[in-house]
Each structure stands twice: as structure tokens, then as C-alpha cells.
Amino acid sequence: MLVRRLATAAASPARTHHKVLVVGGGTAGVGVATQILKLLQSSGKSSYTSGDIAIVDAAEWHHYQPGWTLVGSGLKNKADLRRPLASLVETPTIAHHVEKIQSFSPENNFVKTVSGKELTYETLVVAPGLQVKYNAIENLPKALADPSSGVSSIYSYDTCDKVWADIDALRQGQAIFTQPAGGIKCAGAPQKIMWMAWDHWRRTNRRDNIKIDFISGMPTMFSVPKYSEALNALRIQRGIGALFTHDLKSIDLTKRVATFKTPDGKVEQREYDFLHVVPPQGPHEFVQKSPLADAAGWVDLGNYLGALSNWVAMQNTAAPIDTVIYCSVGYHAITLPQDPKALLEDRMNTLASLLAIGIDPQRSILFHQDQSKLAVVRNANTENEVNEGHLNLGLLAYPVLQAADILLYRATHVPVGEDQQQHLELSRDLADLFNRTYNAKIFPLPQHIITPAKRILSLRDPTQKMSKSAPNVKSRILITDDFDHIQAKVRAAVTDSTASIWYDPKTRPGVGNLLTILSACGDTSETAEQLASRYVNKSHSDLKKDVAEAIEFRLQPIREEYTRIRGDEGWLREVSREGIRKAREIATRTMEVVKGQLGLGPI
């Protein structure tokens with residue numbers, strides 16, 4: 001689940017405005033919307049009224065998908081595991097738009113639906129879940145539709161009961177259970193159904209006549225090493241064969257042959273009598289192609305000028321008694337499918353980038369933050385109702401997890417842009433609620449520090465911000481780009497057909513963006529508007545030449561420092577470990593106090 005808290009936008013008369021807009025009506029979306037509503041109600045916030053929180057989802061049914069494993073095991077009726085989505089939305093307090101999302105416009109704080117409706121918001125929660133890609137495996141849809149194919153999957157309401165029919169019907173032969181590479185819904189489910197089938201065949205005296213294989217695109221049984229080792233030992237003990245880094249690519253229904261491929265192109269074909277398929281999964285296209293989809297790791301010029309340079313200034317001007325903490329989060333990244341090796345590399349790149357721009361581990365606590373236990377505590381402390389259809393809010397709700405990240409270190413000040421002050425409101429509300437509930441001043445109410453951020457736009461589309469996740473690599477400049485790449489990207493930057501140059505970011509966003517970059521990167525204190533006067537009688541190419549040289553002037557020492565730091569991976573890991581140690585000391589003290597207030601302290 002990807003959640004972004006964005007800038008406040010004034011509602012347009014032609015649009016429907018909500019303070020909190022939740023995209024997705026699954027367990028995450030409904031759970032988050034309901035929990036936020038309860039938190040606001042319990043804190044006595046009178047400024048929130050009916051319809052301030054809304055859910056957008058066109059689905060007729062809300063499915064409890066974890067139960068589909070039980071359907072595939074013959075233990076549940078699938079019809080009992082769904083309810084009309086409308087019955088779960090607490091209308092009219094929470095509004096429900098029965099719409100499909102077409103696009104996001106985070107810069108303007110609105111989403112557009114397929115029907116053309118525009119919904120504006122102050123806070124956006126994106127929780128549509130993962131899309132199951134049946135067509136990524138040749139002949140899979142046809143196989144699932146054929147009751148005699150021997151192919152089934154618990155990852156669909158339409159096919160989960162077919163799994164049990166095929167398991168119960170098999171008397172002998174080859175059974176294959178698959179798992180794709182990359183992220184999927186419930187990473188344990190592919191094995192859960194295998195163990196349930198194993199147990200059924202064992203209890204019905206068929207196990208000796210059925211050969212079971214687990215064939216996975218992943219490198220191990222599970223991504224967490226200690227669980228992977230235990231599961232692999234169990235697999236061996238129970239006589240189940242395995243192939244790893246083998247992805248299912250096609251199914252031959254006539255010959256009953258499944259074809260697998262490895263990343264290096266090796267092909268493996270296996271005959272089957274029973275084939276349970278977990279299709280590849282990924283973000284929905286409307287999310288994947290939106291400005292919200294980030295690629296972890298690299299820092300671009302827009303991010304550096306917009307925020308990170310202010311981090312350095314804040315560090316360098318901090319008082320001796322201040323503790324300055326900077327971190328990059330990890331678990332948030334895996335809400336979308338990630339290659340584990342690439343993700344690790346990206347995290348190391350991020351750490352090296354922060355060090356290269358001037359974050360000093362001797363003056364600041366710098367670390368990879370991968371989990372906040374406080375999020376789980378906050379969830380348990382604010383949840384009023386729990387049933388098997390709800391997951392912990394700490395696992396689903398980025399806004400609450402974000403608040404826990406702040407409160408865990410008892411932060412007093414958080415740097416934000418002027419248009420982002422409301423981002424701290426939930427943190428302040430939760431801190432105040434906890435303090436009042438337990439009649440103790442445990443958490444300070446975090447204050448915002450306004451940072452004068454430069455808003456750097458895309459070189460290819462100056463109506464959008466510069467982003468490392470944009471599909472066009474020429475739209476952004478990375479701090480690792482050499483001068484040749486910088487020149488090429490700036491030369492290709494979109495401007496306009498007007499020959500003369502002046503600064504007007506509304507009517508001439510491309511030219512305005514170049515002047516803003518020149519002002520931010522050059523060795524001058526002149527504003528973009530002041531710099532424009534230098535180019536009254538000059539061409540766009542003159543401006544672009546000076547912009548490229550100014551960027552190189554600013555980035556060259558950073559690039560060289562990045563290269564030096566990234567080449568010393570041992571020191572980089574030591575910085576990370578030491579930062580984690582220091583951060584953990586603070587977090588541990590906070591958790592001891594919190595658990596003491598909750599009655600969970602030492603007995």
C-alpha cells in the first residue's frame with residue numbers, strides 16, 4: 001500500500017472536496033478510513049464533519065481474501081467471505097464514491113475518475129491493493145476456466161473453490177505448487193495451501209502416491225531467513241521437492257506441461273497432474289503510471305534543492321543540546337514489488353547520497369529505519385473493534401505509521417515545507433490523545449520548522465515536479481550524473497517558442513524552471529526573477545548553457561564525494577549500524593515509558 005500526505009488544496013466549485021480521500025475499498029482502505037474516523041471522534045475534533053473522509057472504489061463486493069486459502073482447503077464456503085462493499089462503509093459519515101480511478105494529480109491535490117469526476121483532498125491514502133496478472137502466464141486464464149485442466153489458484157474468488165475440487169480429486173501423480181518472483185498478496189499463502197493439500201493427502205492415505213514439488217521464482221522458501229530455514233527443513237522432512245528462481249511462464253493444457261524460466265533464460269519443463277498457480281502481481285496501472293509511484297534509492301536535483309540541502313543547514317545550525325535525526329524507511333518500499341538485491345542496493349545508494357550532500361554522522365543520527373514498534377502500539381491503543389476481517393492499522397496505514405515514526409523519537413520539531421504544515425496534525429493529535437488518555441505528558445506535540453524549499457520541475461514536463469520515478473530519464477538530473485549527461489538533459493529541456501526570456505512560472509513554466517535551477521545552483525544570491533534580466537537579449541540556448549554549468553558547479557563535489565563514499569561499503573555499513581544503535585537507544589526508552597503507561601511494563 002502506497003500512502004502520500006500532500007499539500008492542502010482549496011476546493012473548486014466543480015469538484016467534490018474531502019479532507020481525507022482513501023483510494024481502495026479493501027481491508028486496508030476500509031480499515032484506514034474507519035480508524036481515522038474513530039481517532040478523530042475520540043479526540044473530540046469538531047472540525048471534522050460527515051463526508052470529510054471518503055472512499056473511492058467501484059467494486060460491488062468486499063472480499064476477505066485470506067479466507068480463500070481455507071476455501072481451497074475445503075474448510076470454508078467462499079460466499080461467506082464477502083460482503084457488499086457499501087455495507088462496510090460507515091455512510092454518511094464516510095462518503096463512498098463508486099468510481100474507478102483514472103489518474104492522480106498530486107501537485108493539485110485531486111484525483112480524476114474514469115467518469116470524469118474530480119475529487120480534491122487534503123490528505124490522500126492510496127490503498128488499492130495489488131493487481132493479479134493472470135495474462136502474464138500463457139494459457140493460464142484458459143486453464144483456470146477449464147474444470148478438467150487440473151490447474152487452479154486460491155488468488156481469485158472465481159477459482160478458489162476449484163482448488164479444493166482438484167485437491168480432493170487427485171489420487172496419484174505429480175502435484176506442483178508455484179510462487180512467482182516479486183511481491184504478492186500474503187507471501188505465505190502459496191505454501192499454506194501446499195501444506196493443507198499435503199495434510200489432506202496424508203490423512204486420506206494418498207500421500208505416498210503423490211509427488212509434491214514447490215517451484216518458486218524466489219531464491220528461498222521465504223524472504224525472512226530464520227523462517228526460510230525452518231520452512232525449508234520442514235519441506236525436506238515432508239519429502240517435498242523444490243526448485244528456486246524458476247518462474248512459471250506458460251501452461252500446455254493438452255500435454256499437461258508447465259514451463260518455467262530462470263532469470264538467465266534457462267528453461268525447465270515439468271509434467272503435472274495438479275498445478276496450483278500463484279500469478280505474478282504488481283501495482284494497478286493507474287498507480288504504476290502515476291506521479292505517486294517512487295523508485296527507491298537515487299536522489300535527484302529536485303529532491304536535493306527542495307529538501308535535502310535544508311537538512312544539512314538544519315544540522316549545521318543545531319544547538320549543542322539538540323539531537324538531529326535523519327532516516328530512510330525500508331518497509332514502506334515493499335508495499336510495491338521489489339527485487340531484494342536491487343532494494344538493498346538502492347538503500348545503500350540513498351545512505352551514500354545523504355552523506356555526500358553533507359549529512360555528518362558525528363553531528364546527526366543517520367540510519368535506515370525499517371520498523372516502528374510504536375505503530376503497533378498506537379494501533380492497539382486506538383482500535384475499538386477487532387475482527388478477522390481487520391488487520392493492524394500499523395501495518396496498513398502509512399499516516400499512522402508516519403506519526404509513530406515521529407513520536408517514537410519524541411521529536412519536538414520536524415522540517416516541512418510551508419504548504420505541508422497539516423502533515424503533522426495527525427502526529428500532534430495522537431500525541432495529545434495519548435497524553436490525555438493516560439494523564440501524563442509522554443509525547444511532546446511536534447512543531448513544524450518551515451524550510452524554504454525550491455520547487456524544481458521536470459525538464460520534460462514543467463507542469464510536474466522533478467521526480468526520480470518519472471518514466472523519462474531525461475526529465476531529471478541525478479546527483480550522480482556527469483557533466484555530459486547534465487548538458488544533454490538541460491539542452492533537451494522543454495521551454496517554449498517565445499524568443500525573449502523573462503520569469504513567469506505560470507505562463508512560461510519551462511523557462512521559469514530553468515531560471516529557478518540557475519538561481520539555486522549558481523554562485524549568486526539573485527532570485528530567478530532577477531536573473532531573467534540578464535537574458536533579455538539572449539537565447540534559450542544561452543540560458544541552458546549557463547544552467548548546465550551551474551548544476552555542474554553545484555553537483556561536482558557532491559558527485560565526487562558520493563563516488564568515494566559508495567566505494568567504501570564497509571564504512572557505509574558501519575555508519576548505518578552506528579546510526580541504528582543510537583536511534584534504538586532513544587526508541588527503547590520511549591517504548592519502555594509507553595509500555596509502562598499501558599500496563600505492559602516489567603512485573
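**A quick tour of the model**

Start with everything shown as a surface: the accessible surface of the protein is about 28800 Å², and carbon and sulfur atoms own 51% of that (Shrake-Rupley method, 1.4 Å probe; for residues, only the protein chains shown count as cover). Bear in mind that this is a predicted model, where local features need pLDDT of at least 70, side-chain atom pairs count only at pLDDT 80 or more, and totals for chains, interfaces and linings use all residues. Residues are numbered from 1 along each chain as its sequence is written, and side-chain values use heavy atoms, with hydrogens and water left out.

Switch to cartoon. You'll find 19 helices and 22 strands (DSSP runs numbered from the N terminus: helices are H or I with at least four residues, strands E with at least two).

Zoom in on S15 (residues 257–261): five bridges join S15 to S16.

Next, go to helix H6 (residues 189–203) and pick Met196. Met196 is partly exposed, because its relative accessibility is 34% (buried is under 20%, exposed over 50%, partly exposed in between; 1.4 Å probe, protein chains only).

Terms used:
Two strands pair if DSSP finds at least two bridges between them.
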